[in-house]
Every structure is written in C-alpha cells, then in structure tokens.
Amino acid sequence: MKIEVYKTTEETLRSMTETLIAVIKKSKSKPFHIALSGGSTAQQLFKLWVKEYRNDIPWDILRFYWVDERCVSPEDDESNFKHAERLLFMPMDIPQNHIHRIWGEQEPKIEAERYSEMVKWELPGYSNMPRFDCTILGIGTDGHVASIFNDSMNLLTDQRIYAVSHHPKTGQQRITMTGTVILKSSTILIPVVGADKQEIMEHLVHKQGVYPASYIFSHASTATLFTDRVTE
Ligand SMILES: O=C1O[C@H](COP(=O)(O)O)[C@@H](O)[C@H](O)[C@H]1O
C-alpha cells in the first residue's frame, strides 16, 4: 500500500480528490462504479467536492454505492446516505437512478442479500465477487474499516458481498461490504485525517496491535492512504 502524507486536512483531501479524478479519467469503465463511505471524513470530502471540484469531477458517468450503512431510516442523522444526499447529491443534482443506497430501514439480513444481488447485477460481468472501480474507505479511531469492527474480523475474509455487523459499543446494526469485495476493488483510496486519528495511525503504520484496518493495510496492493498524520 502506498502512503502519502500531507501537512493539512485540506491538502490531504484535495490530493485524494485529484487522484480520484485522474483514476476516473484514465478508466475505460463507463459508467464508473464508486463505493462511498460515511462518517465525518466523507462529509468533509463531499463539501470539498461541491465547493472546489464541481466542474472537474465527471459526475454523469459516476454510479454511487456504499461501503456500509447504519440500519436506520434514510432521514436519520446516523444514516450515511442522508449526509451524501444533503451534502453532495442535492447540490450536484445527481439523478436518482445513479444512486444505489443501502436500505437501512429494512430488515438487515434481507437487505444485505438484496444489496449484494443488486451490486452483482449493476457491476459489469455479473459475478459472485464484483469489482468496484473505486472504493473510498474510512478508518475509525478504533481501527474499524467499513463496518467491520474488532469483534467481526471474520467479515474481512467472508465470501459474501455484503453482510450484517454490529457496532461493538452501541449494538447498532450495520450492513457492510466484506473485506473480500473491498480488496477486489480496482482502486482503493483511504483518507485518514484529523487529530483524533493520530493514535490509530501510529498503531497501523508501526504494525502495533491487530485491527480490521491492519488487514486491509497489509493486503491491499491497489490502495493509497492519504493522511495528515505524522507517520515516521
Ligand atoms: O461508522 C463509520 O465510521 C467510519 C469512519 O468514519 P469517520 O467519522 O472516522 O470518518 C466510516 O468510514 C464508515 O463508513 C462509517 O459508517
């Protein structure tokens, strides 16, 4: 995995965005299937894209999916979709049929299966292990990726496409892309910014402890980590 370190959060997110634009422009895949994460980093990215990159990102060829979703209604503040809708899709006027949200309000296991089938159908070459053109991953302060936490590490190697997990502290149900599908993505971009990520970044870079993110770090040859945290 490649690591790029920047001085500020803004520089980090700009660099990640410019890499994404270059990847989209170079790709022969049209439409271009991109899986988004949720959380605070994604929200910062969406604001930046609308403010500074609205004329540079080829929106019309993008088809949006999610890496993970919280099992709540799409109006709930916890919903990853809600923030993308408000901060990105509405301002950029993205057509509804380009947005494939996870139905967090449905029964989780049934929804994980429905979404897996839908992804197989939408991505090229109907396959049991579909390949996203790009996956944007987040890393939590506890080292989780997507909604794969320390107590659900089995989902890193699970052969399903999406599966149900639980937040270890709140018990909130989640639907998450499995590690197997994450690692199959043509490109994986991982923005990790902010002071609260310093400790986990040190652990990950110095290979201290075992986290879901450590597995992705050591297995993702197509990944680039963009960070404003010191990693020497
Ligand atoms: O719960 C989640 O957290 C991670 C990390 O989010 P951040 O707030 O630290 O940026 C995120 O990637 C994931 O999609 C989300 O559901």
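**Entry 1: neighbours of a strand.** I began with Ile136, which stands opposite Leu189 in E8. Ile136 belongs to strand E5 (residues 134-136), and E5 and E8 pair in the parallel sense over 2 bridges. (Strands pair if DSSP finds at least two bridges between them; strands are DSSP runs of at least two E residues and helices runs of at least four H or I residues, numbered from the N terminus.) I then found that Leu189 has Thr224 as its bridge partner in E9. E8 and strand E9 (residues 223-227) run parallel and are joined by 5 bridges.

**Entry 2: a note on the model.** This is a predicted model, where local features need pLDDT of at least 70 and side-chain atom pairs count only at pLDDT 80 or more, while totals for chains, interfaces and linings use all residues. Residues are numbered from 1 along each chain as its sequence is written.

**Entry 3: is E8 buried or exposed?** I see that 5 of the 5 residues of E8 (residues 188-192) are buried, so the strand is largely enclosed by the rest of the structure. (Buried means 20 or more other C-beta atoms within 10 Å of a residue's own, exposed means 12 or fewer, and partly exposed is in between; C-beta atoms are placed from the backbone.) Ile188, Ile190 and Val192 point one way, and Leu189 and Pro191 the other way.

**Entry 4: a helix.** In H2 (residues 39-52), I noted Thr41, Ala42, Leu45, Phe46 and Trp49 as buried. The face turned away from the buried side of H2 carries the exposed Ser40 and Lys51.

Methods: The expected span of a helix is 1.5 Å times one less than its number of residues.
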